[in-house]
Amino acid sequence: MTKTGGGRALPVTAALLTGTVALYMALVAFGNITDYGTNQQFVRHVLAMDTTFKDDDLMWRAIESRTLQDIAYIAIIAWETLAALVLITATALYGKGLRSMNLTRARRASTAGLLMTMLLFGAGFIAIGGEWFSMWQSENWNGLDAALRVFVLSGVVLLVVHLPGAVKDTER
């Protein structure tokens, strides 16, 4: 890759997209910390399954303990915060590495942060919240559309980060 022109387009794109997800995750974590109660209620309702169809075959899954609900919510916030910090670090590493086109560390950090985000929104919200706790049944506490958007966005960015040419061939 050359140090000028088109050889930087893909790495710059990867950096900007990583930065976009970093900003999103930082805002999500910040919002959950500063407006703790709003999404705390969301998590409580999803885990309690109190707005689902009340199917006896599923209701045994409900977690009604407020302590366990709050522990789950704090774990979510901690995971969001850590993912945001990893993605912010990745973005900074891209900024530093673009001069020399040494982007291996940036790609690794970006991959870790994006996978953390995809695990939270895919496994956590879509699979566990959506299916295990039947969030899809709730008219008021259904976050599946939002979770899918973040999961897809993060997946697309992960693909861009790993496109051929995103780092020098010698870095792979």
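Buried means under 20% relative accessible area; S134, at 1% relative accessibility, therefore counts as buried. The views below show a predicted model.

**View 1. S134 lies in the loop between α4 and α5.** With a relative accessibility of 1%, S134 is buried. Apart from residues up to four places away in sequence, S134 touches M49, T52, L58 and G129.

**View 2. The whole chain is built from 5 helices and 0 strands.** Read from the N terminus, the order of elements is α-α-α-α-α. The C-alpha trace spans about 65 × 30 × 20 Å along its principal axes. Of the 172 residues in the chain, 43% are buried. When contacts between residues at least 6 apart in sequence are considered, 76% of them join residues at least 24 apart.

**View 3. Two of the spans that UniProt records as "transmembrane region" are shown, residues 12-33 and residues 146-167.** The UniProt entry is unreviewed, and it also places this feature at residues 71-94 and 114-134. Residues 12-33 are 100% helix and 0% strand, with 31 Å between the end C-alpha atoms. Residues 146-167 are 73% helix and 0% strand, and their end C-alpha atoms are 31 Å apart.

**View 4. A29 sits in helix α1, which covers residues 9-34.** The relative accessibility of A29 is 4%, so A29 counts as buried. A29 touches E80 and T81, when residues up to four places away in sequence are not counted. Between the C-alpha atoms of A29 and W79 the separation is 8.7 Å, although these residues are 50 residues apart along the chain.

**View 5. The largest nonpolar core holds 40 residues.** Within this core, M25, Y94 and L114 touch the most other members. At least two core residues come from each of α1, α2 (36-48), α3 (66-100), α4 (104-132) and α5 (144-161). The greatest contribution is that of α3, with 10 residues.

**View 6. Y94 is shown with its contacts beyond four places in sequence.** Among these contacts are P11, A14, A15 and T18. Y94 is also in contact with L103, A106, R107, S110 and V161.

**View 7. Helices α3 and α4 pack with their axes within 8 Å of each other.** The axes cross at roughly 155°. Angles over 145 degrees count as roughly antiparallel, and α3 and α4 are therefore roughly antiparallel to each other. Their crossing is left-handed. On the α3 side the contact is made by I76, W79, E80, L82, A83, V86, L87, A90, L93 and Y94. On the α4 side the residues include R105, A106, R107, A109, S110 and A112. The α4 side also includes G113, L114, M116, T117, L120 and F125.

**View 8. Helices α1 and α4 pack at an angle of about 45°.** Their axes are 11 Å apart. At this angle α1 and α4 are oblique to each other. The crossing in which α1 passes α4 is left-handed. From α1, the residues T18, V21, Y24 and M25 meet S110, L114, T117, L120 and F121 of α4.

Technical notes: Residues are numbered from 1 along each chain as its sequence is written. This is a predicted model: local features need pLDDT of at least 70, side-chain atom pairs count only at pLDDT 80 or more; totals for chains, interfaces and linings use all residues. Side-chain values use heavy atoms; hydrogens and water are left out. UniProt positions are given in the numbering used here, feature names are shortened, and annotations may be inferred rather than shown by experiment. Helices (H or I, at least four residues) and strands (E, at least two) are DSSP runs, numbered from the N terminus. Buried means under 20% relative accessible area, exposed over 50%, partly exposed in between (1.4 Å probe, protein chains only). Contact means heavy atoms within 4.5 Å. A nonpolar core is a set of buried Ala, Val, Leu, Ile, Met, Phe, Trp, Tyr and Cys residues joined through side-chain atoms within 4.5 Å. Axes are lines fitted to C-alpha atoms, for helices over the stretch in contact, and angles run from 0 to 180 degrees between N-to-C directions. Angles under 35 degrees count as roughly parallel, over 145 as roughly antiparallel, 65 to 115 as roughly perpendicular and the rest as oblique. A crossing is left-handed if the near helix is turned anticlockwise from the far one by less than a right angle, and right-handed if clockwise.
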